[in-house]
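Trainee: Good morning. Could we go through this model together, one topic at a time?

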Amino acid sequence: MLGRLSVAVRRGSAFVCGATGRLSESLLGSWSVGCDSAGFKIGICPGRFAHSTVMKRPRPLVLCGPSGCGKSTLTTLLMKDFGDYIRFSVSHTTRPPRSGELNGVHYYFVNREDMEEDINRGDFIESAEYSGNLYGTSKRAIEEVQEMGKICLLDIDIQGVKQLKSTPLNPLYIFVKPPNLDELEKRLRSRGTETDESIQRRLQVAERELELGMKPGYFDLVIVNDDLEAAYKHLKRAVGELVDQARV
């Protein structure tokens, strides 16, 4: 299943891999932080034009969707059915944990100063600021999954997707959307962990995410989560095909 391929990484790419398939710090240089046209703060690796060799690994899986769309529930079901083939990439965040969330399981909960330092050092493949908190996926989190020969599952927001599309990672992109914004607001309020202000911020962001999420060709699959059983049926079929490809 493993093969070798050469990759030319253009300026602005997010990472470069060495001959072992591990991420090469010497080629990366430092990261910078800027804002995109929507006002989101994002981490961009300036990089250099580099030529390297990477190991061909199972194609990663990206799940994206607005907060409250049901990604966490779908991910839990997914891991029950495909836990032998998929490993969840644990993201970092500066937001406080919600009830029942465990550090190192749901997220790595870190302080803002440490995470900004790690982003600037180039330790993250993608990062974004969302509702006043930083979120990001470390390079090491992806490496650990790939080194096991497993499909790496990334639960990231739309800004992370934008950054990944400029890298050679080539994941399967799946967007999970709520049936409408009214239902999304109802779900956010039912958590009991959000203030009115934070809910309004999330809804404003969700509008922009839905606009891009429904852009033709931007995602490989769009799933409307208005019925959990039906939504998971579509997700399971797509991931099952990805697992079959990885087992070839």
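Trainee: To begin, are Phe175 and Phe219 buried or exposed?
Mentor: Both Phe175 and Phe219 are buried. Buried means under 20% relative accessible area, exposed means over 50%, and partly exposed lies in between, with a 1.4 Å probe and protein chains only.

Trainee: What should I know about the model itself before we go on?
Mentor: It is a predicted model, in which local features need pLDDT of at least 70 and side-chain atom pairs count only at pLDDT 80 or more, while totals for chains, interfaces and linings use all residues. Residues are numbered from 1 along each chain as its sequence is written, and side-chain values use heavy atoms, with hydrogens and water left out.

Trainee: And overall, how many helices and strands does the chain have?
Mentor: The chain has eight helices and 13 strands. These are DSSP runs numbered from the N terminus, helices being H or I of at least four residues and strands E of at least two. Of its 248 residues, 50% count as buried.

Trainee: Back to the rings, then. How many aromatic pairs are there?
Mentor: The count is five aromatic pairs. Rings of Phe, Tyr and Trp (its six-membered ring) pair if their centres lie within 6.5 Å; planes under 30 degrees apart are stacked, over 60 edge-to-face, and the rest tilted.

Trainee: What about Phe175 and Phe219?
Mentor: Their ring centres are 5.0 Å apart with planes at 50°, so this pair is tilted. Phe175 belongs to strand S12 (residues 172-177) and Phe219 to the loop between H7 and strand S13 (221-224), so the pair ties together parts that are 44 residues apart in sequence.

Trainee: Which residues do ring pairs link into a cluster there?
Mentor: The cluster consists of Tyr173, Phe175, Tyr218 and Phe219. Lys165 lies over the face of Tyr173, 4.2 Å from the ring centre, and over the face of Tyr218, 4.6 Å from the ring centre. A charge sits over a ring if NZ of Lys or CZ of Arg is within 6 Å of the ring centre and within 35 degrees of the ring normal.

Trainee: Changing topic: what is the phi of Asn170?
Mentor: Phi of Asn170 is near 55°, a positive value in a residue other than glycine. Most residues other than glycine have a negative phi. Asn170 is located in the loop between helix H5 (158-164) and S12.

Trainee: What follows H4?
Mentor: Gly149 follows H4, and its phi is positive, near 75°. Within helix H4 (residues 139-147), the residues Lys139, Ala141, Ile142, Glu143, Val145 and Gln146 are buried.
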